[in-house]
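Below is a short note for a colleague who is opening this entry for the first time. The points follow the parts of the structure one by one and can be read beside the displayed model.

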Amino acid sequence: MKILGIETSCDETAVAVIEMSGPKQRPRIKILSNAVLSQIPLHQKFGGVVPNLAKREHQRNLVPILLKALGEARLLKSKSKNQKSKIQIKIQKETEKILEREPELLKRFKKNVLSLAAPRIDAIAVTVGPGLEPALWTGVNFVRALSYFWRKPIIPVNHLEGHIYTVMLGDHPAMKRWFRLVPLKLPALILIVSGGHTELVLMKGFGHYSIIGETRDDAAGEAFDKVAKMLGMKYPGGPEVAAAAAKFKVTSPKFKVTFPRPMVNSNDFDFSFSGLKTAVLYFLQDAKKKYPMSILRPVIAKEFQDAVVDVLVAKTIRAAKEFHAKSVILGGGVAANTLLRETLRKRAARDLPRTTLSLPSTELTGDNALMIALAGYFLKKKKAWSKIHANANQRLA
Ligand code: KG4
Ligand code: ZN
């Protein structure tokens, strides 16, 4: 079974192809291609992702990335004949309708896709939400057009499910070679931390989730991004803050500060990071008068990162205990954070000795289409193109 995956929920345009075989309980995978084009340099100028700019870029990049991914997977074939038959005229007209709101994409689709033969794939998995509405729609409309044109079913995928299933690929997933997926031990307690989400999810089976806690305001990644901005660092802020925090050891701090651990002792599994962000802002306003930014940056970055990681880890461990999770899974862009990974590793080893900790490969914590294709394989809710819609606020449960 071959699945084409497409992801455009934020600022990465991504297309991947996977091949699956073997028993359903423990299938094998071959990653045929995994192409990602990041728009980060473009959005950096604006200090964050601009949704309509992201949409425009997806429209420009989807066709070239698709051709690249199909080419790498050896699935790129031109149609044998390119006559203007009645059927082809009908296909072209319908495609124009489907891509009516994606004029830049339609141009490229007509030029480079309508001449392609349908690839030997079984389905197309696409992110339908959550994410930036205009960005999501471009990917969804693209897949609707492909599905209509190639007569392939669509599997709608929740972006967060992609982040969850990434751990099945192990530490350094091989390209173009068969390997077995790491099975998920269920029930699993999942911490999803990204730019738009911070959730604790209990997974009882494939597609069966309950959200047991989530942020009441900012997502963890969003807090990293905002604090980075305050410290004069570029977008995305997570890696910047982590890098500044890593310099802390070599700097002898001239002052001390500790930031609050919001809701760490609350009786639920919710989070809140907006107060922490404000605490950093107030501290910085005052401290800026006394110290240069070069002194402030590593100290504030470290203290802020410590506070976020403390809360995330404390609540994850507590939730895993309370729900008797057989495994703890980490997912989302913030899962790249070394302190978070290491702290979770230590605390899980100490407090949850019989629970498996599954961390995603750091090569795959960012948004990609490989994770979408993989989630699509497990979900298999195939639908016709006319039934697929984007939903910016789609929830896991
Ligand atoms: O999952 P993702 O790529 O996009 C969304 O679906 O939101 O997550 C992006 C978020 C950004 O907020 C970024 O700053 C954060 O992940 N991030 C990190 C690190 N790398 C990326 N946060 C903390 N430490 C990192 N190393
Ligand atoms: Zn993401």
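Contact, as the word is used in this note, means heavy atoms within 4.5 Å. The model discussed here is a predicted one.

1. The loop residue Thr215. Thr215 is found in the loop between β9 and α7 (220-230), and, leaving aside its neighbours within four places in sequence, Thr215 is in contact with Thr198, Phe271, Ser272 and Phe273. With a relative accessible area of 16%, Thr215 counts as buried, because that value falls under 20%.

2. The zinc site. Which residues are the protein donors of the zinc ion (ligand 2)? They are His159 and His163, each through NE2, together with Asp367 through OD, and they lie 2.1 to 2.2 Å from the ion. Along the sequence these donor residues follow the spacing H-x3-H-x203-D. His159 and His163 are separated by about one helical turn, because they stand 4 residues apart in helix α6 (residues 159-165). His159 counts as buried at 7% relative accessibility, and His163 counts as buried at 2%.

3. The five-stranded sheet. An open sheet of 5 strands runs in the order β9-β8-β7-β10-β11, and its pairing is mixed. Its edge strands are β9 (208-214) and β11, each of which pairs on one side only, and the twist from one strand to the next averages 20 degrees. Within this sheet, β10 and β11 pair in the parallel sense over 3 bridges, and Ser327 has Thr356 in β11 as its bridge partner. Helix α10 packs on the sheet, where it touches β7, β8 (198-205), β9 and β10, and the direction of α10 makes about 160 degrees with that of β7.

4. Helix α11. This helix (residues 338-351) has 14 residues and reaches 20 Å from its first C-alpha to its last, close to the 20 Å expected at 1.5 Å a residue. The N-terminal end of α11 is capped by Asn337, a side-chain oxygen of which lies 3.1 Å from the backbone nitrogen of Leu339. Which residues of α11 are buried? They are Leu340, Arg341, Thr343, Leu344, Ala348 and Asp351, and what covers them includes β7 (188-193), α10 (293-322), β10 (327-331) and β11 (356-358).

5. Strand β1 (residues 2-7) is largely enclosed by the rest of the structure, because 6 of its 6 residues are buried. In a regular strand the side chains alternate between the two faces of the sheet. In β1, Lys2, Leu4 and Ile6 point one way while Ile3, Gly5 and Glu7 point the other way, and all of them are buried. How many bridges join β1 to strand β2 (residues 12-21)? The two strands pair in the antiparallel sense over 6 bridges, Ile3 having Ile18 in β2 as its bridge partner, and they form a hairpin with 4 residues between them. Strand β4 (residues 123-129) runs parallel to β1 and is joined to it by 4 bridges, with Ala125 in β4 as the bridge partner of Gly5.

Technical notes. Residues numbered from 1 in each chain as written. Chains lettered and ligands numbered in written order. Predicted model: local features only at pLDDT ≥ 70, side-chain atom pairs only at ≥ 80, totals over all residues. Heavy atoms only, no water. Expected span 1.5 Å × (residues − 1). Buried < 20%, exposed > 50% of the residue type's maximum accessible area, 1.4 Å probe, protein only. Polar contact = N/O pair within 3.5 Å; in protein donor to acceptor, adjacent residues only side chain to side chain. Donors = N, O, S within 2.8 Å, 3.2 Å for Na, K, Ca; no water. Pairing = 2+ DSSP bridges. Axes fitted to C-alpha atoms, helices over the stretch in contact; angles between N-to-C directions.
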